[in-house]
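Please look through the structure below with me before reading the points that follow.

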Amino acid sequence: MQERLQKLIAQAGIASRRQAEELIINGQVTVNGERATLGMKADPETDHIKVHGKLINAKLGKRENVYILLNKPKGVLTSVTDTEGRKLVVDLVPKGYGKVHPVGRLDYQTEGLILLTNDGEFTNFINGSRKIPKLYEVKVKGLPPEVAINKLRRGTVLEDGFKTSPCEIKTLEPTKSNAWYEVTLFEGHNQQIRKMFDSIGHSVVKLRRLAIGNLRDDRMPIGSFRELSGQEVKDLSKPTQKTQTKGKVESTKPQKHSRS
């Protein structure tokens, strides 16, 4: 059955639909030896579809979708390639899973939960959804005043000009020299939490992602992974309004947690 090329390329896990459209426009896609054009359709069972000169038909319609939850260590890059030879998140998954890619990103020094998949449609949906909150544990330098934390809760303009949306910040028990928080974001700007706390003069010392939507697994050791269940994939693909609590301001009363 014929499908639009950008959909077939996304299903192969090579790129999102939007990225696939750019590949087509830039002449990186051919069908049966002819340069593809935007809007063209093809049948993966009979047509020879190539991206960057590599045949992708063998991956289409025959490869099962893979959904993996990984507990990323610090010092691992959220990417599929790196010119500097650094360790990648895809290196932590056995080759038997085939070609997978990270859904979104965690910066190099941040640890915690991240998804990997070969499903481009799933990736595109998760990255573009504001119904899937992401929960982080944050340790910052010093003890910020509550007025500064409330500023971050309401939304603020970062040094790079990005205006953050309202978020949830729960105060945890501080140490003598460091404050601890749980921060829930509903968007994914590059290094957003680090930039938020930099904007109030209290840099992040430690950052860890605890949850993606309702997906949380405190028993996973750092560096380990597991496959998602079918129900977990369904819940992420169709988040309910109950998941979305954007704009809610959490109590500032410190919670009793052991921190160092």
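**Notes on the model**

1. R86 is placed over the face of Y108, and the distance to the ring centre is 5.2 Å. Please bear in mind, for this point and for those below, that the model is a predicted one.

2. The structure contains three aromatic pairs. Y67 and F122 are both buried.

3. K141 is part of strand β10, which covers residues 134-141. Is K141 buried or exposed? K141 is exposed, because its relative accessible area is 56%, and the cut-off for that word is over 50%.

4. Leaving aside residues up to four places away in sequence, K141 touches S177, N178, H202, S203 and V205. K141 and G201, which are separated by 60 residues in sequence, have their C-alpha atoms 8.8 Å apart in space.

5. On confidence, the chain has a mean pLDDT of 87, and 89% of its residues reach 70 or more. Over residues 241-258, however, pLDDT stays under 50, although the model has 38 contacts beyond four places in sequence for this stretch. Where pLDDT is low, the predicted coordinates should not be read in detail.

Definitions and conventions
Residues numbered from 1 in each chain as written. Predicted model: local features only at pLDDT ≥ 70, side-chain atom pairs only at ≥ 80, totals over all residues. Heavy atoms only, no water. Phe/Tyr/Trp six-rings, centres within 6.5 Å; stacked < 30°, edge-to-face > 60°. Buried < 20%, exposed > 50% of the residue type's maximum accessible area, 1.4 Å probe, protein only. Lys NZ or Arg CZ within 6 Å of the ring centre and 35° of its normal. pLDDT = per-residue confidence, 0-100. Contact = heavy atoms within 4.5 Å. Helix = DSSP H or I, 4+ residues; strand = E, 2+ residues; numbered from the N terminus.
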